[in-house]
Amino acid sequence: MLKAKILFVGPCESGKTVLANFLTESSDITEYNPTQGVRILEFENPHVTSNAKGTGFESCWPALMKDAHGVVIIFNADLPSHLKEIEMWYSCFVQQQFLQDPRCLLIAHHKPGSGSDKGHLTLSPPLSKLKLVHSNLEDDPEEIRLEFIKYLKSIINSVSESRDQEEMSIIT
């Protein structure tokens, strides 16, 4: 079975752990408990296999980024400061790692009771090219699950194609 390494990154209190737990069906949605430092979660999906990771310590970032196939940047859509902060996450985890933009997914997470305004978000030019999905686990939890599975399938396909190309170059 093909595996891919996906990093979940973003500002504090953006919903990374809640989304990771939901998407991996690891636990029910409960009250907010801040993640201390780093959280590594490995899960299997009937459609794809992936390692989901989240981080908080910059000194750990190089080790976490090693061999990453994709990055999910999660931010709280209701906090304007997060729009600026996600530019740094994109720079560190996508641009500096030379990941192609299709391997990055932006999730604008709406916390319970926030109203889930899916209006137009003004993203800076590098971010505006990325796939943006809104998540609201109260109103429409399956929408984000389906979008994430589509994203994982695209990552797995890309990893598979790269592996096939490597094998062909060895043979020829």
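Mentor: Gladly. Two strands pair if DSSP finds at least two bridges between them. Strands (E, at least two residues) and helices (H or I, at least four) are DSSP runs, numbered from the N terminus. With that in hand, look at β6, where Val-133 stands opposite Ile-107. Strands β5 and β6 (residues 131–135) run parallel and are joined by 5 bridges.

Mentor: One word on the source: this is a predicted model, in which local features need pLDDT of at least 70 and side-chain atom pairs count only at pLDDT 80 or more, while totals for chains, interfaces and linings use all residues. Residues are numbered from 1 along each chain as its sequence is written, and side-chain values use heavy atoms, with hydrogens and water left out.

Trainee: Which residue of β5 is the bridge partner of Ile-73?

Mentor: That is Leu-106. Strand β4 (residues 70–76) runs parallel to β5, and 6 bridges join the two. Between them the chain passes through helix α3 (residues 80–95), making a right-handed β-α-β crossover. Right-handed means that, with the strands pointing away from the viewer, the path from the first strand over the helix to the second runs clockwise.

Trainee: How many residues of β5 are buried?

Mentor: Buried means under 20% relative accessible area, exposed over 50%, and partly exposed in between (1.4 Å probe, protein chains only). In β5 (residues 104–109), 6 of 6 residues are buried. Cys-104, Leu-106 and Ala-108 point one way, Leu-105, Ile-107 and His-109 the other way, and all are buried.

Trainee: What about the nonpolar cores?

Mentor: In soluble globular proteins, nonpolar side chains tend to be buried together. A nonpolar core is a set of buried Ala, Val, Leu, Ile, Met, Phe, Trp, Tyr and Cys residues joined through side-chain atoms within 4.5 Å. The largest one here has 23 residues, and Val-71, Ile-73, Phe-93 and Leu-106 have the most contacts inside it. Helix α3 gives the largest share, 6 residues. A second, separate core of 20 residues includes Ala-20, Ile-74, Ile-144 and Leu-152.

Trainee: Where does Leu-152 lie?

Mentor: Leu-152 lies in helix α5, and its relative accessible area is 0%. Leu-152 and His-69 are 83 residues apart in sequence, yet 9.9 Å apart in space, C-alpha to C-alpha.

Trainee: How should I read aromatic pairs?

Mentor: Rings of Phe, Tyr and Trp (its six-membered ring) pair if their centres lie within 6.5 Å; planes under 30 degrees apart count as stacked, over 60 as edge-to-face and the rest as tilted. The count here is 3 aromatic pairs. One of them is edge-to-face: Phe-8 and Phe-148, 5.6 Å centre to centre with 75° between the planes. This pair links distant parts of the chain, with Phe-8 in β1 (residues 4–9) and Phe-148 in α5 (residues 141–171), 140 residues apart. Phe-148 also pairs with Tyr-151, tilted, with centres 6.2 Å apart and planes at 35°. Phe-148 and Tyr-151 are 3 residues apart in α5, about one turn of the helix. Phe-8, Phe-148 and Tyr-151 form one aromatic cluster.

Trainee: Which ring does the charged end of Arg-145 sit over?

Mentor: The rule asks for NZ of Lys or CZ of Arg within 6 Å of the ring centre and within 35 degrees of the ring normal. The charged end of Arg-145 sits over the ring of Phe-22, 4.1 Å from its centre. Phe-22 is among the buried residues of α1.
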